[in-house]
Amino acid sequence: MIKFTQWGIMATLVGAVMGLHPAMAVPPASITRDSDVRWSEVVDDPFDGLIVYDRNFASNRAYVSSWSAQEIRMTYYWSEQHVVGTRTVWRDRRVYRDGEWVDVPYPEEEPIYRTETYQKTPKAILFALDEQVYRYEEGPISPDLARALVNAPSSNITIRLLWPDGSTDDVEIGRGTVEAWRTVFADRASGLSGVSGDGGDDS
């Protein structure tokens, strides 16, 4: 759900007054692994413009991303269980007593777990495309990176996430999302996008 701050309202008004597409004034909405969005499909959002959402998840972790000409967002979510206490439960065991088997209750302590969910965002995203490595950090997508994404092969693509502590993770982006890049970044790749500024650096 988008929460409209005073800044967000002012940005929308500025965009309207200047005749700008709303996507140029409002940052893409944040999403989670449970967001009710169309995954790996191009969406023409009234605020974000053309955008595609992707998720790569298992039972206790998820990489969630949104891809638009004005910004790429990637968030890693994971869950951990922590012991927060114990409780007494009563169990039965069968014992032979006075010539017969009987169930005898006994107490046992078992741990109480609480699941905590965490999240973090990468410092940079690296793409190895067309024999080049492109680095993206923030802001609008550079035309060079947009062209590389538009021309990416129609298959799953592995990207590398660089975390603030210097560690890295390799994450797979599904074929459906990769194919959606061709539409999402087409104008930016051809220089027709109205989004100003270059956020993707290639090296």
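Which residues does Leu149 touch, not counting those up to four places away in sequence? In this predicted model, the answer is Phe127, Leu129, Trp181 and Phe185.

- Leu149 is part of helix 2.
- With a relative accessible area of 0%, Leu149 counts as buried, because the cut-off for that word is under 20%.
- Leu129 is one of the residues that Leu149 touches; the two sit 20 residues apart along the chain, yet 7.9 Å separates their C-alpha atoms.

**The nonpolar cores**
- The largest nonpolar core has 30 residues, and the members that touch the most others are Trp67, Phe127, Ile159, Trp181 and Phe185.
- Several elements give two or more residues to this core, among them strand 3 (61–68), strand 4 (71–97), strand 6 (124–129), strand 8 (157–162) and helix 3.
- Helix 2 is the top contributor to this core, giving 5 residues.
- A separate, second core holds 8 residues, including Ile31, Trp39, Tyr53 and Tyr77.
- As general background, nonpolar side chains in soluble globular proteins tend to be buried together.
- Beyond its neighbours within four places in sequence, Ile159 is in contact with Trp67, Met74, Ile125, Leu126, Phe127, Asp169, Asp170, Val171 and Ile173.

**Helix 3**
- Helix 3 spans residues 175–184, and its buried residues are Thr177, Val178, Ala180, Trp181 and Val184.
- Viewed down the helix axis, these buried residues fall within an arc of 160 degrees, so they line one face of helix 3.
- The background here is that an α-helix has 3.6 residues a turn, so residues three or four places apart point the same way.

- The order 1-2-3-4-5 describes an open sheet of 5 strands with antiparallel pairing.
- Strand 1 (42–45) and strand 5 (100–120) are at the edges; each has a single partner strand, so one side of each lacks a neighbour in the sheet.
- On average, neighbouring strands of this sheet are turned by 25 degrees against each other, direction ignored.
- Strand 2 (residues 49–57) and strand 3 run antiparallel and are joined by 7 bridges.
- Asp54 has Ser65, in strand 3, as its bridge partner.
- Helix 3 packs on the sheet, where it touches strand 1, strand 2 and strand 3. The direction of helix 3 makes about 165 degrees with that of strand 2.

Key:
Residues numbered from 1 in each chain as written. Predicted model: local features only at pLDDT ≥ 70, side-chain atom pairs only at ≥ 80, totals over all residues. Heavy atoms only, no water. Buried < 20%, exposed > 50% of the residue type's maximum accessible area, 1.4 Å probe, protein only. Helix = DSSP H or I, 4+ residues; strand = E, 2+ residues; numbered from the N terminus. Arc of directions from axis to C-beta. Core = buried A, V, L, I, M, F, W, Y, C linked by side-chain atoms within 4.5 Å. Contact = heavy atoms within 4.5 Å. Pairing = 2+ DSSP bridges. Axes fitted to C-alpha atoms, helices over the stretch in contact; angles between N-to-C directions.
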